[in-house]
Every structure is written in structure tokens, then in C-alpha cells.
Amino acid sequence: MCRNIKTLFNFDPPATELEIRDASLQFVRKLSGFNVPSQANAAAFDKAVEQVAAQARELIASLRTTAAPRNREVEAAKAKARSAERFGP
């Protein structure tokens, strides 16, 4: 359920709004237990996603590091290699 929640800090290029929103959506889905909320809960669900996304943007903007930014393609290749080792090719 949380496969879209990925590390978003210290990448070149930086995390996009879509990546932040996708991670926020997955986080709210996990907390609420709803993949798709009912109409009665839709407004609260959407508000929660927007609030989590806003806090995530603020957090990412305020973090500092001396480490060099990571490359998205290199990290994706590492993740693919770990997955192949774990589950097979």
C-alpha cells in the first residue's frame, strides 16, 4: 500500500509536487485504511492529503545536508538490483 512513499530529500533534480502529493496520498491511505474514501469522508480525506503534502514540502525545504545530492537513476538501479536479488529476475 505504501510503495509510493519514497525518500524525497537530497535528490537532483529535487522532488516534484507530484511526488510529494503521491507520497502524502499513500500516507493518508495507510493511516485511514481507505484506498478510496466514501463520499461522506472524501472532504476530510482530501484535506488531510493537502495538509500532509504542505508539511512535507515545508520539511523538505527546511532540511540541510553536506552530502552530495543523490542521482535518481542510480538510486532506481540500486533498488531494482535489490529487488532482483530478493525476488529473482
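At a relative accessibility of 26%, E19 counts as partly exposed (buried means under 20% relative accessible area, exposed over 50%, and partly exposed in between, with a 1.4 Å probe and protein chains only). The model is predicted, so local features need pLDDT of at least 70 and side-chain atom pairs count only at pLDDT 80 or more, while totals for chains, interfaces and linings use all residues. Residues are numbered from 1 along each chain as its sequence is written, and side-chain values use heavy atoms, with hydrogens and water left out.

E19 belongs to helix α1; helices (H or I, at least four residues) and strands (E, at least two) are DSSP runs, numbered from the N terminus. Apart from neighbours within four places in sequence, E19 is in contact with L8, P14 and R72, where contact means heavy atoms within 4.5 Å. A polar atom of the E19 side chain lies 2.8 Å from the backbone nitrogen of T16.

A salt bridge here is a side-chain nitrogen of Lys or Arg within 4 Å of a carboxyl oxygen of Asp or Glu.

A search of the whole structure finds four salt bridges. One of them joins R57 to E17, with the closest N and O atoms 2.9 Å apart. R57 lies in helix α2 (residues 39-62) and E17 in helix α1 (residues 17-32), so the pair ties together parts that are 40 residues apart in sequence. R57 is partly exposed, its relative accessible area being 30%.

Another salt bridge links R21 and E50, whose closest N and O atoms are 3.4 Å apart. With R21 in helix α1 and E50 in helix α2, the pair ties together parts that are 29 residues apart in sequence. R21 has a relative accessible area of 32% and is partly exposed, and E50, at 39% relative accessibility, counts as partly exposed as well.

The buried residues of α1 are I20, A23, S24, L25, Q26, V28 and R29, and the buried residues of this helix pack against α2. S24 is an example from α1, buried with a relative accessible area of 2%. Leaving aside neighbours within four places in sequence, S24 is in contact with V49, V52 and A53. Towards A53, a polar atom of the S24 side chain lies 3.3 Å from the backbone nitrogen.

Helix α1 itself has 16 residues and reaches 22 Å from its first C-alpha to its last, close to the 22 Å expected at 1.5 Å a residue; the expected span of a helix is 1.5 Å times one less than its number of residues. The residue that follows α1 is G33, with a positive phi near 85°.

Key. Polar contact = N/O pair within 3.5 Å; in protein donor to acceptor, adjacent residues only side chain to side chain.
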